[in-house]
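Reader: I have a model open here and would like to talk through how it is put together. Could you take me through it, beginning with the strands?

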Amino acid sequence: MPRDGRSRRAAVAVRVVAGVVSAALLAGTGWGWYLGRVAEATVNRTDAIPTAGNDGSGNASEAMNLLLVGNDSRSALTEAQLAELNAGTDSGINTDTVILVHVPADGSRASFVSFPRDSYVDIPGYGMDKLNAAYAYGYQEAAGTASEPERQAAGAQLLVQTISRLTGLQIDHYAEVDLLGFFNLSTVVGGVEVNLCQAVDDSYYSGAVLDAGPQTISGADALKFVRQRHGLPRGDFDRIVRQQVFMAGVLRKMLSEEVLLDLGKQRELVKAASESLTVDKDLVLLELAQQMQSVTAGAIEFQTIPYVGTDRDAQNRSIIRLEDEDTLRAFFADLSAEPAEEAPATTEPPATVDPATVPVEVYNGSGTSGLAAKAASALTTAGFPVGTTGNAASMDHAQTEIRYAAGDEALAHTLAGAIPGAVLKESDDPAVGTLQLLLGSDFNGVGQAVTPAPPVEPVEGADARTAADTTCIY
């Protein structure tokens with residue numbers, strides 16, 4: 001029975017995070033500037049960001065979406081290292097670890113969203129398939145006269161396009177790490193503390209044999225820890241949790257004085273990062289580090305993309321069904337939303353006019369028969385001149401709207417005073433000087449407030465936690 005060696009690449013992604021945070025902690029110092037220059041000079045570069053197919057919601061501010069990818073290549077490992085890590089043989093170009101990192105413009109937090117390798121997604125030009133096939137398709141399509149770096153860039157670009165289409169976001173930067181980099185990182189930081197709810201013995205597959213409770217792991221043991229999926233209650237889903245927990249542990253270690261005050265460790269970390277990190281052509285590591293220098297462990301969030309569960313595809317392969325497109329778009333829109341600026345406090349009420357100077361057209365979109373006529377009669381009694389009444393184009397409107405032309409804000413506020421809670425909406429539909437009242441199912445009558453809409457529950461990812469969370473996992 002073959003060993004499963006594919007899961008280890010998710011964990012290697014942590015080395016990028018740690019390298020970035022390490023630089024952030026020293027960004028304002030001469031030593032930090034020097035280390036940043038060393039990293040910039042030695043890091044590998046690839047043309048990962050495509051010119052088309054990456055046109056989701058952009059970042060008008062300086063917020064950033066970075067795609068973090070784990071590469072399964074073991075070509076740099078010796079036979080002795082392969083045996084020590086229980087890593088099997090080289091599996092080529094697999095990219096089974098994909099994590100979207102969002103950093104807002106102010107650098108106050110960082111959000112990491114993991115994508116299961118078997119997520120069933122639409123790969124541009126290839127249709128529905130497992131997410132971990134995207135890079136391979138791009139890589140293979142560029143075969144022929146293309147050089148190896150060109151094929152790698154093609155694989156990265158198709159993966160970026162796939163994630164952009166799935167999330168509705170523009171991917172700004174790309175970072176790829178390999179297996180040896182993770183091994184070196186966990187060794188340099190001197191181990192990371194993890195907390196297991198129960199002891200594990202996965203000697204045959206991942207090689208993980210660990211006690212229950214808090215413990216410090218590094219090197220080969222760390223790699224085995226993040227590889228394990230056999231014997232876990234939810235298989236790959238729990239493996240993703242392990243990868244996230246280990247990343248969190250590394251970040252906590254990076255934020256500790258043990259690393260902050262050790263210039264030798266900082267130099268080793270930058271060296272490890274530059275040797276096994278590949279980034280897009282435009283990513284400036286030191287600028288990213290400076291953007292993140294104020295982040296704390298409690299403000300670093302980890303979660304998994306919202307999913308429905310496991311299933312089988314037409315080829316009888318195990319796949320993971322994600323939530324529908326609207327749900328996913330809402331999730332990522334919320335994830336990347338910038339904090340809203342508070343409106344300046346004002347004591348001035350909105351300007352209004354005499355209701356007799358506010359012509360109103362009434363349209364029923366509520367689904368309740370005769371509601372437009374009743375509303376028109378009540379508005380006439382209240383002093384509003386009512387013109388056209390009738391049914392809206394559809395009868396499934398949940399909210400009552402007052403539609404007005406630009407410049408007619410005072411008229412709209414006058415009518416809103418008679419229907420508290422109605423939504424004011426500037427529109428090209430009504431003529432200047434005339435309002436349109438669209439009745440929704442929340443309408444209770446003229447002079448009465450509309451029924452408040454139920455609060456919208458945010459779409460949440462699975463297994464959400466922060467880097468400060470040290471509770472046990474399975």
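Author: This is a predicted model, and in it eight strands form an open sheet with mixed pairing, in the order β1-β12-β7-β2-β3-β4-β13-β21. The edge strands, each pairing on one side only, are β1 (44-46) and β21 (462-466).

Reader: And by how much are neighbouring strands turned against each other on average?

Author: The average is 20° between neighbouring strands of this sheet, with direction ignored.

Reader: How many bridges do β2 and β7 have, and is the pairing parallel or antiparallel?

Author: Five bridges join β2 to β7, which covers residues 173-177, and the two strands run in the parallel sense. Within that pairing, G70 stands opposite V177 in β7.

Reader: Okay, what lies across β3, β4 and β13?

Author: That is α13, which runs at about 155° to β4 as it lies across β3, β4 and β13 (300-304).

Reader: Switching to the inside: which residues touch the most other members of the largest nonpolar core?

Author: They are L67, F115 and F332, in a core of 33 residues. Among the elements giving two or more residues to this core are β2 (64-70), β3 (97-103), β4 (110-115) and α13 (325-336), while the largest share, six residues, comes from α6.

Reader: What is F115 in contact with, leaving aside its neighbours within four places in sequence?

Author: F115 is in contact with V98, I99, L100, L131, I163, L166, T167, I305 and F332. Apart from the core described above lies another core, of 28 residues, including V101, V279, M292 and I300.

Methods
Residues numbered from 1 in each chain as written. Predicted model: local features only at pLDDT ≥ 70, side-chain atom pairs only at ≥ 80, totals over all residues. Heavy atoms only, no water. Core = buried A, V, L, I, M, F, W, Y, C linked by side-chain atoms within 4.5 Å. Buried < 20%, exposed > 50% of the residue type's maximum accessible area, 1.4 Å probe, protein only. Helix = DSSP H or I, 4+ residues; strand = E, 2+ residues; numbered from the N terminus. Contact = heavy atoms within 4.5 Å. Pairing = 2+ DSSP bridges. Axes fitted to C-alpha atoms, helices over the stretch in contact; angles between N-to-C directions.
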